Structure formats: C-alpha cells, structure tokens
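Subject: Structure handover

Hi,

Here is the structure for your files. Please load it before reading on.

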Amino acid sequence: MTAADESGAGAGADAGTIDVLIADDERPVLDELEQLLRRDARIGGIWRASSGSEAVRLLAEHQVDAAFLDIHMPGLSGFDLARAMSRFTQPPAIVFVTADEAGAVEAFDFAAVDFILKPIRRERLHRAIGRIIAGRETPEQPETIPDESIPVRVGHITRVVHRNDVRWVQAEGDYSRLVTETGSHLIRESISDLELRWAEAGFIRVHRSYLVDRNAISTIRLTGTHPSVSVGQEEIPVSRRSIAAVREAILQPREGRA
C-alpha cells in the first residue's frame, strides 16, 4: 500500500479538488499516471495501488472521488473493482485506463465516466478529469429520447418498424435498409438523413454505408487492418476516417429511451 500524498488524501480535503485512487499492476504506468495527475491543479490526494486487492484495502480506509483503473490486473480486475464500488453509498467516478480497447463496451455498462487508452496522453487525461468534475457539479440525468415509427411496405401491406428495434442501417443507393433482430426493411430515405435525425438516439455513422445503434454494439475493434464493431453475430466495418468519431461516441453516456 502506498499513499502518494499523505497530507492531501481523503475526500473533501479541499473543496476545489478531487481525491483519486489509481490502480495498475505496471509500475511505469502507475508512475506516469501519478505524475500527469499531479500536474493538474484540480487533483488533491492521490492513492495508488499495484493490484486489485491493494485497491480494495485503500478504498476501505479512504474515501475517494474518482478511481482510475487498469482493466487487467492480477486477481481482481478493474471491472471487479468497478462492480464493488458501484455498491458504495457514494461511489467514486470510474475512469478505465487500459490498452484493451475492446473493453470499452463493457466499461460503460459500469457507467464509467471515461475510457483512456494507453499510452496516456496528458490532454486526454485532462479531459477525463473535466468530465469527472462536471459530473459532480451537475449529475447527468439520462435524456429520454422518444421512439419513432417508420412505415415500411411488406408486399401489399404497410407495417410499422420502431426505431428502437433497429440495430443498424445499411445504405443501398438512395435507400436505406433497416435491420432489426427479426428481419430487414428497405425504406426510401438516405442513410445521411437518418444519421442526422437519429444521432440523438445514439446511432453512430461508422462507415459511409453503415449507421449503427450504439446500444446494440457488443464488441469493438478499432485497431488492426480491419476495424469493426459487432452487433450480435454481425461484424460491421468501421472506416478509418470514422475511427476517432466512433471511439468518442462510444465513450459518451448512453441516452434513455422512451
């Protein structure tokens, strides 16, 4: 157990700063993270742990405002810690700091404030701290997005497809194919128009031919030669110029739906 700042640690030590826990089993990463955090005037006390079990002991002794967690650690993982902290009366804000980009989807099931990829960039860490503080000042309330009904032709009859049932959209010329769990339907509307109208409902343009419901994404792979996201058993390509926007969109808090 190492208390990096004995004098300043403890929630509420300074109303203008936040106290944090950092946990990573790689000593160089832990050192770098601590150094970067210390350069930020918004950070108060810093408690550091080199394993999940050490983090648990520190959390039992000290209340913190935020926790920066590696995902993969011996014994208790970052996800295990986040799960445990979610049961606290006043759970700290969670930021995952990891090289495992594929963990982003699961990370946000824990209502993580942010997800930072290694190597850690100072400006990216600065932005994460801003999100933590903004969340403390104005706790986010999920915005309820009303559903939308889309009439589709099936033979000689017209059916209604609800936007909330659409998992992804594929462009077919000036038309768009809406794919749900039970089928697909072609509508006479461009994917660009749907992108504009459905952005607030959580649909992300991942490729010029694909629009995906962020809440339906089960895995992501934004590195390598074939970046993609998965929706169920379907692998949907992500264009290289969309990678940054997709990564940022996945990190945003998820909206509520009517």
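My notes on sheets, a pocket and a few single residues follow.

This is a predicted model: local features need pLDDT of at least 70, side-chain atom pairs count only at pLDDT 80 or more, and totals for chains, interfaces and linings use all residues. Residues are numbered from 1 along each chain as its sequence is written, and side-chain values use heavy atoms, with hydrogens and water left out.

Sheets

Helices (H or I, at least four residues) and strands (E, at least two) are DSSP runs, numbered from the N terminus. Two strands pair if DSSP finds at least two bridges between them.

(Axes are lines fitted to C-alpha atoms, for helices over the stretch in contact; angles run from 0 to 180 degrees between N-to-C directions.) Strand 10 (residues 166-172) and strand 11 (residues 175-180) run antiparallel and are joined by six bridges. V166 has T180 in strand 11 as its bridge partner. Contact here means heavy atoms within 4.5 Å.

Another open sheet has three strands, ordered 15-16-17 and paired antiparallel. Strand 15 (219-221) and strand 17 (234-237) are the edge strands, each pairing on one side only. Here, too, the twist averages 20 degrees from one strand to the next. Four bridges pair strand 16 (residues 228-231) with strand 17 in the antiparallel sense. S230 has E235 of strand 17 as its bridge partner.

A parallel case: strand 2 (residues 18-23) pairs with strand 3 over five bridges. L21 stands opposite W47 in strand 3. Strand 3 (residues 43-49) is largely enclosed by the rest of the structure, because seven of its seven residues are buried. Buried means under 20% relative accessible area, exposed over 50%, partly exposed in between (1.4 Å probe, protein chains only).

A pocket is an open set of points on a 1 Å grid over the protein atoms alone, where a 1.4 Å probe fits, with protein on both sides within 12 Å along at least five of seven lines; lining residues have an atom within 4 Å of a point. Of the 11 lining residues, F115, L117, R121, R124 and R247 are the closest to the centre. Strand 6 (114-117), helix 5 (122-137) and helix 7 (243-251) each give two or more residues. Helix 7 gives the largest share, four residues.

Single residues

K118 and P119 are joined by a cis peptide bond, with omega about -5 degrees. P119 sits in the loop between strand 6 and helix 5.

A112 is in the loop between helix 4 (104-107) and strand 6. A112 counts as buried because its relative accessibility is 8%. Leaving aside neighbours within four places in sequence, A112 is in contact with I94, F96 and A107.

G135 lies in helix 5. At 28% relative accessibility, G135 counts as partly exposed. Its C-alpha atom is separated from that of V113, 22 residues apart along the chain, by 8.3 Å.

Best wishes
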